[in-house]
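Hello,

Here is the structure I promised to pass on to you. Please have a look at it first, and then read my notes below.

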Amino acid sequence: MTSPELTTLADLRDAQERIRGVAVRTPLVALPVPGAVGEVFIKNEGLQTTGSFKVRGAYNKIAQLTGDERRRGVITYSSGNHAQAVAYAAKALGVKAVVVMPSNAPDFKREATAALGAEIVTVGPSSAERKQKAEELAAKFGYVMVPPYDDAAIIAGQGTCGLEIVEELGDVDLVLVPVGGGGQLSGVSAAVKHMKPDARVLGIEPELAADAQESFRAGKVVTWTAEMTTRTICDGLRTQSLGELNFLHIRAFVDDILTVSDDKVRDAMGALRSAGIAAEPSGAVSAAAVLFHQQEILPYTKVVAVMSGSNYLP
């Protein structure tokens, strides 16, 4: 955990100060779970300005750009939540934003991104394809890349969520975090382990896009095809592989990665709705683990399941 490539507590504290007043300090909400052996809390990131945790990392990244970089504008690639976050942060900082989005991105996420002033470029459903297009446009026009997860500033920004969890619930001993490309899991796990080394952190992903679990257990980054990952309803977790920097963090700070079915994700969304929490499928995977996989997540006395976003229209 001492590698210079890994996010430090100082990095996380700096990011927390940088995004103060922009990102919301979201609440922990107690969730009654029949049969739970301990207390269950939901970290409701759906209450962020753009409806997901992504604004933390996007703002932390763009706020650190030089004057010349801001004049050139920024570009990213995303299926929706990071797209909105980059568009929001860029608008707040007076920077042009271009976003490459897949053809299967939810229409309302595309419309919300455009409404924030971003220029939208549409490509096919493959996450590799949208990354390649963004890199081509960055090279052609000089835009600064704001990656969705494989970036130190993005990881530190997302990790501020983990700082808040431990600051508010000092005796938390288990944190569950959704994982797609690994940005949020990287940052939150780093924050939790720096502050509470004995607490466990588990990544949760849909079983129809379980490349992160396979990578974690194989000890190397494994890539799944777009045809495989696009089967899940969790559109925000359809990335085909973990980022390289994210994988280093996950290997250093994460205890395991578990999977849940799409059916259980739907059930979890309903349970959260009954508790007054609006969740998109990607955000509900951690709640699905708490609700339907108690034996797999033991032991714990106080568990926090990060609900990463609420941008969903049924």
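**What I found**

Proline 299 counts as exposed, at 58% relative accessibility; here exposed means over 50% relative accessible area, buried means under 20%, and partly exposed lies in between (1.4 Å probe, protein chains only). Please keep in mind that this is a predicted model, in which local features need pLDDT of at least 70 and side-chain atom pairs count only at pLDDT 80 or more, while totals for chains, interfaces and linings use all residues. Residues are numbered from 1 along each chain as its sequence is written, and side-chain values use heavy atoms, with hydrogens and water left out.

Back to proline 299: its place is the loop between helix H14 (294-297) and strand E10 (302-307). Helices (H or I, at least four residues) and strands (E, at least two) are DSSP runs, numbered from the N terminus. From proline 299 to isoleucine 155 the C-alpha to C-alpha distance is 27 Å, and the two are 144 residues apart in sequence.

Strand E10 brings us to the sheet. This is an open sheet of 6 strands with mixed pairing, in the order E1-E2-E10-E7-E8-E9; two strands pair if DSSP finds at least two bridges between them. Strand E1 (28-30) and strand E9 (256-260) each have a single partner strand and stand at the edges, so one side of each is left without a neighbour in the sheet. From one strand to the next, the twist averages 30 degrees (axes are lines fitted to C-alpha atoms, for helices over the stretch in contact, and angles run from 0 to 180 degrees between N-to-C directions). E10 pairs with strand E7 (residues 174-178) in the parallel sense, over 3 bridges. Leucine 176 has alanine 305 in E10 as its bridge partner.

Next, the salt bridges, each a side-chain nitrogen of Lys or Arg within 4 Å of a carboxyl oxygen of Asp or Glu. By this rule there are 17 salt bridges. One of them joins the side chains of arginine 56 and glutamate 164, at 2.9 Å from N to O. Because arginine 56 lies in helix H2 (residues 54-62) and glutamate 164 in helix H7 (residues 152-168), the pair ties together parts that are 108 residues apart in sequence. Arginine 56 is buried, with a relative accessible area of 0%, and glutamate 164 is buried too, at 6% relative accessibility.

Aspartate 263 is exposed, with a relative accessible area of 51%, whereas arginine 266 is partly exposed at 43%. Elsewhere, salt bridges that share partners join Lys43, Glu45, Arg56 and Glu164 into one network.

Helix H12 (residues 262-274) also holds alanine 271, which is partly exposed at 27% relative accessibility. Alanine 271 and leucine 31 are 240 residues apart in sequence, and their C-alpha atoms are 9.4 Å apart in space.

Finally, where would you look for serine 241? Serine 241 is in the loop between helix H10 (226-229) and helix H11 (244-253). With a relative accessible area of 19%, serine 241 is buried. Leaving out residues up to four places away in sequence, serine 241 touches Tyr149, Gly180, Gly181, Asp211, Val221, Val222 and Thr223, where contact means heavy atoms within 4.5 Å.

Best wishes
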